[in-house]
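Please look over the sequence and the model before reading on.

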Amino acid sequence: MGSIPSSIGNFRNLQYLDLRFNKLNGSLPEIVNGTETCNSNSPLPNLRVLYLEYNQLMGKLPNWLGELKHLEELRLFDNQLQGSIPSFIGNFCNLQYLDLSFNNLNGSLPEIGSIPNLIGNLSNLDSLNLRNNQLSGTLTEQHFWKLSNLDYLNIDSNSFRLDISSNWTPPFQLRTLSMGSCHIGPAFPAWLSSQKYLMDLNLSNASISSSIPNWFWNISCQLQSLILSHNQLQGQLPNSNIGEFLPNLLFLSLSSNRITGTIPNSIGHLSSLKVIDFSSNNLIGTIPSAINNCSSLIVLDLGNNNLFGMIPKSLDQLQLLKSLHLNHNKLSGELPSSLQNLTGLDVLDLSYNNLSGQIPAWIGTAFPNLVIMNLRSNMFSGRLPSMLSNLTSLHVLDLAQNNLTGEIPITLVELKAMAKDHNMSISSLYDNGQSSRYEERLIVITKGRVLEYTKTLSLVMSIDMSDNNLSGKFPEGITKLFGLVFLNLSMNHITGRIPESISKLRQLSSLDLSSNKLFDSIPSSMSLLSSLGYLNLSKNNFSGKIPFIGQMSTFTELAFAGNPNLCGTPLIIKCQDSDKRQSVVEDKIDGGYINQWFYLCIDLGFAMGILVPYFVFAMKRSWCDAYFDLVDKIVKWLLFKRRVTYARNHA
């Protein structure tokens, strides 16, 4: 923690400095001490290795770094360094390893230079990593002409443009080449044919619009990872035995291109594959049963194509499969029972197909680790199996746009993962190996929009059963799924009331119950849903005054339209003065009680005033005589006073 002091230069004999995985911040010191105490004008004259990665260092690279003449390794990745790459980098004649990735370095050629031409003088360099910066400019053959020892080159996620002739022969033999997001196309780079030892190749989003040349599939028998996604690649996949040419291939991604034709049976010869991603192309035909020979497969993504036919029963042989995406195709038929043998599935996405039949009961018991189940927009019918409650790891349940009937099972309350406020990160479900490069993604239709989640997939906790024929009362058990973020039960025939307990869904961001048969008043407890950003209760039979307080006051009349018996803000229909009338009635009722008690007390007082003396005098004769003698005297005195007053007035 803290900044690097300038006194670090006093370590004159230091050869190895490792300060990685700390919380160092601030800029690297512009000047370091120590040059005045020795013959050398260079600070740290013996330093060979400098590791400063995984910190929070900012600012530009200081000039004194260029004086480290003996430096062999410089690792500054995963900081917040800025500015251009300085020209003194070319002074490191002994440098073998340079990693400046995951910073904010910028600049463009020829002004201050994004990669100075002097980098071509680093003849001993075997590893260059500039990934994930903001570098730009044009790279030519001159930048690489002396890098004969280069083994690793990663300039991924920058904005470089390659200007290299088609007949160029590089001076190096790379094992790793990553140029994703660089402008390489439109032609497929012919100079790759010289790279016979490639193990890892990434040319994604590289503006390549040609077809993949036939020679490419025989480029390197050592190739383990091949990523050509997000280009405009055309043509068909080879029918030749690519398994013979690429026996060690583990990761194959050709997604988001324009590849046509069928998936060749030769795909089954790639027996070591862990990930196949052919999504978002123009592939046709059926899913080849030969794919079941890829017994090491962890991810199979064939979504967003034009595949048809039934789901192959032989897929059950992929015992290690964790993620199966067959969405947005034209697949038909029922779910094969053999799928229940894929017990390790985390993600099952069969949405937007023509699948039919009932959702089988075994789906609730076969996949104990299932996190995402998306069967949206098919032709599934029948009742929902109560066994769905056994999917205790489920984060996303999407059954929308089918023909499902019956009541929503009360057992959904047992979806334990949804009952938690905080959930694990599932942006990448795979912890190790090549499969960890595959990024899970999910399309969620919520808040009236289509949202795609990748890195923030862990935020999604969703139930969507909209646009079916479900009936019965609102399932109160759902209000115990405290982690729910999205809930959509719209366009069904659900009746009953919204329970007050809905206020327990404190994480709820979107709630759509529109186009049902819900009735009675809207519970005032909904005002406590502080995270609610989208609400649709339209086209129901709600009545009474809208509880327009708290979070409920943030919604417009569209959220409540189509409920003729609702009134109050934000609707233009004002509520009648029923409250006032009720208050008056209560006051009258209360006043009646007050008047009755008042007169009752008077009557009791009068009676007591007469009866008590009567009973006392009846018991004591002497008290009675004395009392009436006193009364006679008072009466006589009053009569005398009246006569005197009368006489004076008439005198």
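Is arginine 175 buried, partly exposed or exposed? At 34% relative accessibility, arginine 175 counts as partly exposed, because that class covers values between the 20% limit for buried residues and the 50% limit for exposed ones. The model examined here is a predicted one.

**The chain as a whole**

The chain has 651 residues, and 49% of them are buried. Its secondary structure consists of four helices and 39 strands. Of the contacts in the chain with a separation of 6 or more, 59% are between residues 24 or more positions apart.

**A parallel sheet**

Strands of a sheet pair through backbone hydrogen bonds, either parallel or antiparallel. An open sheet in this chain contains six strands in the order E2-E4-E6-E8-E10-E12, and their pairing is parallel. Strand E2 (25–27) and strand E12 (159–162) form the edges, since each of them pairs on one side only. From one strand to the next, the twist averages 20°. Strand E10 (residues 134–139) is joined to E12 by four bridges in the parallel sense. Within this part of the sheet, serine 136 stands opposite serine 159 in E12.

**Salt bridges**

The structure holds 11 salt bridges.

| Salt bridge | Distance, N to O |
|---|---|
| Aspartate 156 and arginine 131 | 3.6 Å |
| Aspartate 151 and arginine 175 | 3.5 Å |
| Arginine 376 and aspartate 398 | 3.2 Å |

The side chains of aspartate 156 and arginine 131 meet in a salt bridge. Aspartate 156 lies in the loop between strand E11 (152–154) and E12, and arginine 131 lies in the loop between strand E9 (127–129) and E10, so this pair ties together parts that are 25 residues apart in sequence. Aspartate 156 is buried at 7% relative accessibility, whereas arginine 131 is partly exposed at 32%.

Aspartate 151 and arginine 175 also meet through their side chains in a salt bridge. This pair links distant parts of the chain, with aspartate 151 in the loop between E10 and E11 and arginine 175 in the loop between E12 and strand E13 (176–178), 24 residues apart. Aspartate 151 is partly exposed, with a relative accessibility of 29%.

Arginine 376 forms a salt bridge with aspartate 398. Because arginine 376 lies in the loop between strand E25 (372–374) and strand E26 (379–383) while aspartate 398 belongs to strand E27 (residues 396–398), the pair ties together parts that are 22 residues apart in sequence. Arginine 376 counts as buried at 4% relative accessibility, and aspartate 398 counts as buried at 6%. Elsewhere, salt bridges that share partners join Asp18, Arg20 and Glu53 into one network.

**Cysteines**

How many disulfides does the structure hold? The structure holds one. This disulfide is formed by cysteine 567 and cysteine 575, whose sulfur atoms are 2.0 Å apart. The link is right-handed, with 95° about the S-S bond. Cysteine 567 is buried, with a relative accessible area of 12%, whereas cysteine 575 is partly exposed at 27% relative accessibility. Two further cysteines may be considered for their burial: cysteine 182 is buried at 1% relative accessibility, and cysteine 294 is buried at 0%.

Conventions:
Residues are numbered from 1 along each chain as its sequence is written. This is a predicted model: local features need pLDDT of at least 70, side-chain atom pairs count only at pLDDT 80 or more; totals for chains, interfaces and linings use all residues. Side-chain values use heavy atoms; hydrogens and water are left out. Helices (H or I, at least four residues) and strands (E, at least two) are DSSP runs, numbered from the N terminus. Buried means under 20% relative accessible area, exposed over 50%, partly exposed in between (1.4 Å probe, protein chains only). Contact means heavy atoms within 4.5 Å. A disulfide is a pair of cysteine sulfur atoms within 2.5 Å. Two strands pair if DSSP finds at least two bridges between them. Axes are lines fitted to C-alpha atoms, for helices over the stretch in contact, and angles run from 0 to 180 degrees between N-to-C directions. A salt bridge is a side-chain nitrogen of Lys or Arg within 4 Å of a carboxyl oxygen of Asp or Glu.
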